[in-house]
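Me: Got a model I'd like to go through. Can you take a look?

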Amino acid sequence: MEFRHLGRSGLMVSEISYGNWITHGSQVEEEAAVSCVRAALDSGVTTFDTADVYAGTRAEEVLGRALANERREGLEIFTKVFFPTGPGRNDRGLSRKHIMESIDGSLRRLGTDYVDLYQAHRYDYHTPLEETMTAFADVVRAGKAHYIGVSEWKASQLREAHELARELRIPLVSNQPQYSMLWRVIEAEVVPTSTELGIGQIVFSPMAQGVLTGKYLPGQPPPAGSRATDEKSGAGFIARLLTDDVLTRVQRLKPLAEQAGLSLGQLAIAWVLQNPNVSSAIIGASRPEQVRDNVKAAGVKLDAELIKAIDEITDPVTERDPARTESPAERP
């Protein structure tokens, strides 16, 4: 495993981090979830990402139990706040009330006294940013989080939050966006701004929800048991990618992966790690062998000719519009 600084901070994270968005507490049983975490640890992964909303708070509980016997100082545990965790009007968003209550709930479920990174899961248009950042500052000063991050924020939002963080003297060090060969919306604005401000990217869906593994074939129905067939595990996210044009181009990437001595999934993860502003790529898994396979992308260097060949294949179906970085206009 290779390690990188998280943004311009002193915190080191594993190039491959393990996330449990659609698995722990919902898609797989706890025994399988624990096996995946064990495989990640055995492979050198030290960085684990979750959120209070995943599986209705159950994902944090499962991850907490899976990591319970590990040396806490040897781990980087991340979680997030924004989406609903209860039926009330204040059980969501980035108000001071919700942040202060949510951090305590997350720590209790994770079985830890602090998280290494506490992230705003989306931008909240209905709470003054100063209120949000002041609450985050109090979380940091209470010792409940070491660093602050965000997820899927626009460049302008990052810049405004960074200025407040400097005034409050708290470390805003990361953004967690979607990023893959097929989804490059952060490159035009978010990455240059983040590089300037010292913010690193912790990217999710580097394999485009599994499309870049090559298991979905043009003209054929999705494999039984895959994410595309499970409405509870992100089928809506993957549907836009299941066109014959996209899937045909993904199949054309196979010879390039073989040329690099990689599987298609490993190539996809290694590709996002070529971006110097990316601190870590999040993988998820329902089986331990998936973890062991994916972590082989750590430390891989792709040459310029290979990257150019990938671009020539994927460019016509790649999304690059920076406006696609979005947060809900209304609180969910």
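Predicted model: local features only at pLDDT ≥ 70, side-chain atom pairs only at ≥ 80, totals over all residues.

Me: Which residues touch the most other members in the largest nonpolar core?
Reply: Phe48, Tyr118 and Val211, in a core of 92 residues. A nonpolar core here is a set of buried Ala, Val, Leu, Ile, Met, Phe, Trp, Tyr and Cys residues joined through side-chain atoms within 4.5 Å. Buried means under 20% relative accessible area, exposed over 50%, partly exposed in between (1.4 Å probe, protein chains only).

Me: Which helix gives the largest share of this core?
Reply: Helix H10 (residues 264-273), with eight residues. Helices (H or I, at least four residues) are DSSP runs, numbered from the N terminus.

Me: And what does Val211 touch?
Reply: Leaving out residues up to four places away in sequence, Val211 touches Leu182, Tyr216, Ile238, Leu241, Leu242, Val246, Leu247 and Val250. Contact means heavy atoms within 4.5 Å.

Me: What is in the second core?
Reply: That separate core has ten residues, including Leu11, Val13, Tyr147 and Phe204.

Me: Switching to helices. At what angle do H3 and H4 cross?
Reply: Roughly 25°, with the axes of H3 (residues 96-110) and H4 (residues 129-141) coming within 9 Å. Axes are lines fitted to C-alpha atoms, for helices over the stretch in contact, and angles run from 0 to 180 degrees between N-to-C directions. H3 and H4 are therefore roughly parallel (angles under 35 degrees; over 145 is roughly antiparallel, 65 to 115 roughly perpendicular, the rest oblique).

Me: Which residues of H3 make the contact?
Reply: Arg96, Ile99, Met100 and Ile103. On the H4 side, the residues include Phe136 and Val139.

Me: How do H4 and H5 pack?
Reply: At an angle of about 45°, with the axes of H4 and H5 (residues 155-168) 10 Å apart. That makes H4 oblique to H5. Among the contact residues are Leu129 and Met133 of H4 and Leu164 and Leu168 of H5.

Me: Last one: is His98 buried or exposed?
Reply: His98 counts as buried, at 1% relative accessibility. His98 lies in H3. Not counting residues up to four places away in sequence, His98 touches Val81, Phe82, Phe83, Thr85, Asn90, Asp91, Arg92 and Gly93.

Key: Residues numbered from 1 in each chain as written. Heavy atoms only, no water. Helix = DSSP H or I, 4+ residues; strand = E, 2+ residues; numbered from the N terminus.
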